[in-house]
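Visitor: Could you walk me through this one? I'd like to hear about its charged pairs and its pocket.

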Amino acid sequence: MKVLFVGTAGGRVTTFRLLRRSGGFLVEQSGSFAHVDPGPGAFVYLKELGVPYTSLELFLLSHLHLDHSADLNALLEAATDGGKRDGVAVFAPKSVFEGEDRVLFPYLRRRLTREGFFEQGHELSFKSWRVKPVYRHAHHGTPTYSFLVNETVLYVPCSRFEERMLEYMPEGVPLLVINTTFYRRRPFVDHLSAEEAALIIKRVKPKRAVITHFSKEMLKAGPERVAEELSAETGHEVLAAYDGMVVEV
């Protein structure tokens, strides 16, 4: 299994001024892919990275915000080959599928082979993929979930830090991916900082952790330097993601 970081931008400034690419990340196994949080540009970036659209089996959205969902519909159109191909699924909070803020077009929803709504603790499966939402976060009033993919990759998305979230995080996973938007803690902003990422890493005790989804402040601090600081503080290997980075799991 491997993880490919399509883009590593986080927050409005970094994403929409294109200081880094966005587009989330891919989890690959046996030549098939699950795409996590396919944000702006993912459709184009996958082509540049040489990932065939028809190898996309599963889309996983932590929440519906634009920097996590903007290219979902374009990629579904491509993955299903305009509706001629079956075998594609979307797992996400129900708000992605339904309601006035939904981001999935209804006509593309009808093309899905499988859909699944995230509920904390309730595992979803499709083909060889198993996805367990482990915690529902507080994040700007929209349902947002951490989830574990095939008991291998634990993803902690944008969220407000809460002490109790640590109780729900599984220990000893091979790879932990944390959206670490800020370097300095911002108590009244629903995004994680490096200080809070350290607490999560100490709790999870992963074999390896990756920080991603960087704000302008984080880019100024230097993600690689921050990763080194986190490695020293936590005693676990921590990497700073960059656009196009591949991590073997």
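Predicted model: local features only at pLDDT ≥ 70, side-chain atom pairs only at ≥ 80, totals over all residues.

Visitor: What is the distance between the closest N and O atoms of Asp190 and Arg160?
Guide: Side chains of opposite charge can pair when their charged atoms come close. The cut-off is 4 Å, and Asp190 does form a salt bridge with Arg160. Their closest N and O atoms are apart by 3.0 Å.

Visitor: How many residues apart in sequence are the parts that this pair ties together?
Guide: Asp190 lies in the loop between β11 and β12 (192–193). Arg160 lies in the loop between β10 (153–156) and β11, so the parts tied together are separated in sequence by 30 residues.

Visitor: Is Asp190 buried or exposed?
Guide: Under 20% relative accessible area counts as buried. Asp190 has a relative accessible area of 8%, so the label is buried.

Visitor: Which residue meets Lys127 in a salt bridge?
Guide: Lys127 sits in the loop between β7 (124–126) and β8 (129–137), and its partner is 70 residues apart, in strand β4 (residues 56–60). The N to O distance is 3.6 Å, and the residue is Glu57.

Visitor: Which helix holds Lys202, the partner of Glu233?
Guide: The side chains of Glu233 and Lys202 meet at 3.3 Å, N to O. Glu233 is partly exposed at 47%, and Lys202 is partly exposed at 36%. Glu233 belongs to helix α9 (residues 223–234), so the pair ties that helix to a part 31 residues apart in sequence, helix α7.

Visitor: On to the pocket. Which element supplies the largest share of the lining of the largest pocket?
Guide: The largest pocket has a volume of about 400 Å³. Of its 20 lining residues, the closest to the centre are Gly11, Arg12, Asp67, His140 and His191. At least two lining residues each come from α1 (12–16), α3 (66–69), β11 (175–182) and α8 (216–221). The largest share is four residues, from α1.

Visitor: How many residues of that lining are polar?
Guide: Gly counts as polar by this scheme. The lining has five nonpolar and five charged residues, and the polar ones number ten.

Terms used. Residues numbered from 1 in each chain as written. Heavy atoms only, no water. 1 Å grid on protein atoms, 1.4 Å probe; cavity = no way out; pocket = protein on both sides within 12 Å on 5 of 7 lines; lining within 4 Å. Points joined across faces, edges and corners; volume = space filled by probe spheres on them. Buried < 20%, exposed > 50% of the residue type's maximum accessible area, 1.4 Å probe, protein only.
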